[in-house]
Amino acid sequence: MNPAPAPAYAIHPDDRDILRGLAGELAAIAALPVQREKAELWGRLNDLRSVRPMVWITEVPWHEFSADTPELVLRCRADWTRKIEVELRRTLYSWKHFPVDMIVSDYLPCFTTWRSTGFGITRQGDLLNITNGGIVSQHFEPQITRLEDVAKIKDPVVTVDRVDTAARLAAMQDIFAGIMPVREEGVKLYWYSAWDQLVTFYGVQEALTDLIEQPELVHATVKRLVAAYMRELDQLEAEGLLMLNSTNVRTGSGAYGYCSDLPAPGQETGKVTTPQMWGCSNAQIFTEVSPDMHWEFALQHDLPWLARWGLVYYGCCEALDQKMGILRRVPNLRKVSMNYRINPERAAAAVGGDYAFSYKPNPACFAIDAWCPDKARAELRRIRECTRGGHVEFVMKDISTVAGRPDRLAEWGRIAMEEAERAG
C-alpha cells in the first residue's frame, strides 16, 4: 500500500517556532497605541482634514541588503513558510529602521488563491535585467498594427481555488494560534492601468505615434481593453473576492486608504462591491502628451471604470501638474499622484485643498555615490511650503537601488518626518 501523500502545507517544528517567534514580535508592535494614532492621521488626510503631511516608504530594494542582514536572513525550510517568513521579517525590519507613518496590522493575511487567464496576448520582446531586483529594461514587439488585431484582446476568465485557500488558511491558523489571528484576504488593491498593459503588446513608440497616425486604431484598442478589464472586475465582484480597502493598504500608487467616506473592514454587510472601495487609474507614458490628448485617448475611456468606485486615486509616474483641468472631470476623485518631475508650485495651485496631494520624491537621491541629505530635505521642504493649507503625503517609492547603503532609507525617513511634523 502506498503511503498517503504529505499534506500540501505540512509544517516542520523548526519552521513553526521561527514563525511564531516573529509573529510574537509583530503582535506586540501591532498592539501599540501609535497604530491607532497614525490611522487617525491617515484618515484625516484622506478626508481632506489633514493635520500634517504623512510619510510612507515602499518598493524597497530588499535584494541589496537582505543577504548580509541577520534580521532578514530566512531560516524556514519549506517554500510556503519562507514566503510568510520573508514578509514578517521585512515588516519588522521596516518598523525598526524606517517606520515613518507605517501601520502594522493586528492580523496576518492568508491570500485567496485565484487565477486569471489574462487578456489573450502574451508580451513579446526583450528584457534586460538592470539591478537583479526586478528592474528591467524592456522592448515590446508590436502585436496590434491594424483594426483586425484588436480582436486578439480576450476577456479574462477568473477561477478561484477554494480548496487550496482553505488548506493554507487552516495551516496558518494552526501555526499562529494564540499569537495573531489569521484572516483570508482577497483583492484589496486592483491595479488598473490600461495604458501600462496596452503598450506591452502595442509598443511604446508605436502607440504614441499612432495617437496621430492611426487614432481610430488606438481608440478601438483602448476601448476593447477597458471592456476586458471590466469583465474581470465583474467576476472578482461576483466571486466575493473584493475586500474593503479603507485601511492600511495602498490606494493606487499612493499610501494608505483610511477615510470616513468608505466603510472600514469589519463593516461588511454582504459581498463587498466597488462603490465601497478605492479604485485607481493612470497613464504613465503620457507625461509629454497634451491634456486634450490625455483626455481623448486615456481618461475618457477610463470613466466607465472610475465611475464604479467609491473614491478614486489617479496617477503614478506621469507628471500631472498641467492636467488638473481634465482630472476634475473624474467622479469621486480624492487623491492625485504628483511625481517629482512636476513644477511643485504650479501643481499645488492646481490641486489646492480640493484633493489629497500624493507626492513621489525623487528616489535617485539614494543611487549616487555621495549621499546628500540636505538635498533630500530641500526637496521635501519645497513641497511642504508650496502646499501649505493642502493635504499631502510623501510616498518614497520606485527605489531601484540604495547603492548598497540601506541606512540611507532610515536617514531619509528621519528627514521626512521632521519636515512633516514641522508642517503640523
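In this predicted model, Met338 touches a set of residues beyond its neighbours within four places in sequence. These are Leu320, Asp321, Met324, Ala347, Val351, Phe357, Ser358, Tyr359 and Lys360. Met338 also belongs to the largest nonpolar core, which has 85 residues. Helix 7 (residues 215-238) supplies the largest share of the core, 10 residues.

Helix 10 (residues 344-351) and helix 11 (residues 373-386) have axes that come within 9 Å. They cross at roughly 35°, and the crossing is right-handed. Helix 10 contributes Pro344, Glu345 and Ala348 to the contact. Helix 11 contributes Arg382, Ile383 and Cys386. By residue type, the contact holds 4 nonpolar and 2 charged residues, with no polar ones.

At the level of the whole chain, the secondary structure comprises 12 helices and 12 strands. The radius of gyration is 22 Å, close to the 22 Å that the globule rule gives for 424 residues, so the chain is as compact as a globular protein of that length. Along the principal axes, the C-alpha atoms fill a box of roughly 65 × 60 × 45 Å. Of the 424 residues, 50% count as buried. Among contacts between residues at least 6 apart in sequence, 74% join residues at least 24 apart.

How values were computed:
Residues numbered from 1 in each chain as written. Predicted model: local features only at pLDDT ≥ 70, side-chain atom pairs only at ≥ 80, totals over all residues. Heavy atoms only, no water. Core = buried A, V, L, I, M, F, W, Y, C linked by side-chain atoms within 4.5 Å. Buried < 20%, exposed > 50% of the residue type's maximum accessible area, 1.4 Å probe, protein only. Helix = DSSP H or I, 4+ residues; strand = E, 2+ residues; numbered from the N terminus. Contact = heavy atoms within 4.5 Å. Axes fitted to C-alpha atoms, helices over the stretch in contact; angles between N-to-C directions. Left-handed = near helix turned anticlockwise from the far one by under 90°. Nonpolar A, V, L, I, M, F, W, Y, C, P; charged D, E, K, R; others polar. Rg over C-alpha atoms; globule rule 2.2 N^0.38 Å.
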